[in-house]
Amino acid sequence: IKLMSNLGPENGYQISVDQRTEEMYNVPPWEQLQMAESIQTFTGPTVWVRHFNFLDFGALGFPSPTWINIVRDPVS
């Protein structure tokens, strides 16, 4: 996250970190809709950081963003 934050201004994007005290990987449809709506409000290129399985924007009636997933060793 720190690397993405540092590179954002230089590369013309903003970062939005969705920090939660408890992660929920499978949320009810109404919460998926709320997440998709909030992501649609981003103006310009944005990196959205959140642990989440998948959000099907098409099924919710929104255009799909470009997804980039990063997997890391959880111990390191």
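Visitor: Starting with Phe 52: buried or exposed?
Guide: Phe 52 counts as buried, because its relative accessibility is 16%. Buried means under 20% relative accessible area, exposed means over 50%, and partly exposed is in between, with a 1.4 Å probe and protein chains only. Bear in mind that this is a predicted model, where local features need pLDDT of at least 70, side-chain atom pairs count only at pLDDT 80 or more, and totals for chains, interfaces and linings use all residues. Residues are numbered from 1 along each chain as its sequence is written, and side-chain values use heavy atoms, with hydrogens and water left out.

Visitor: OK, and where is Phe 52?
Guide: Look in the segment after β2 for Phe 52. Helices (H or I, at least four residues) and strands (E, at least two) are DSSP runs numbered from the N terminus.

Visitor: What does Phe 52 touch?
Guide: Setting aside residues up to four places away in sequence, Phe 52 touches Met 24, Tyr 25, Val 27 and Met 35. Contact here means heavy atoms within 4.5 Å. Also, Phe 52 and Asn 26 are 26 residues apart in sequence, with 7.6 Å between their C-alpha atoms.

Visitor: You mentioned Val 27. Where is that, and what is it in contact with?
Guide: Val 27 is in the loop between β1 (14-17) and α2. Leaving out neighbours within four places in sequence, Val 27 is in contact with Gln 32, Met 35 and Phe 52. Val 27 counts as buried because its relative accessible area is 7%.

Visitor: Which residues make up the largest nonpolar core?
Guide: There are seven: Val 27, Met 35, Ala 36, Ile 39, Phe 52, Leu 55 and Phe 57. A nonpolar core is a set of buried Ala, Val, Leu, Ile, Met, Phe, Trp, Tyr and Cys residues joined through side-chain atoms within 4.5 Å. In soluble globular proteins, nonpolar side chains tend to be buried together.

Visitor: And how much of the protein is buried?
Guide: Of the 76 residues in the protein, 16% are buried. Ser 64 counts as exposed, because its relative accessibility is 54%. Ser 64 is in the segment after β2.

Visitor: New topic: what volume does the largest pocket have?
Guide: About 1200 Å³. Of the 32 residues lining that pocket, Val 47, Trp 48, Val 49, Arg 50 and Ile 68 are the closest to its centre. On a 1 Å grid over the protein atoms alone, a pocket is an open set of points where a 1.4 Å probe fits, with protein on both sides within 12 Å along at least five of seven lines, and lining residues have an atom within 4 Å of a point. Grid points are joined across faces, edges and corners, and the volume is the space filled by probe spheres set on the points.

Visitor: Which element gives the largest share of that lining?
Guide: β2, with four residues.

Visitor: How does the lining divide by residue type?
Guide: Into 19 nonpolar, eight polar and five charged residues. Ala, Val, Leu, Ile, Met, Phe, Trp, Tyr, Cys and Pro count as nonpolar, Asp, Glu, Lys and Arg as charged, and the others, Gly among them, as polar.

Visitor: What about the overall layout?
Guide: The protein has two helices and two strands, running α-β-α-β from the N terminus on.

Visitor: Last one: what is the mean pLDDT?
Guide: The mean is 85, and 96% of the residues reach 70 or more. pLDDT is the predictor's confidence in each residue, from 0 to 100.
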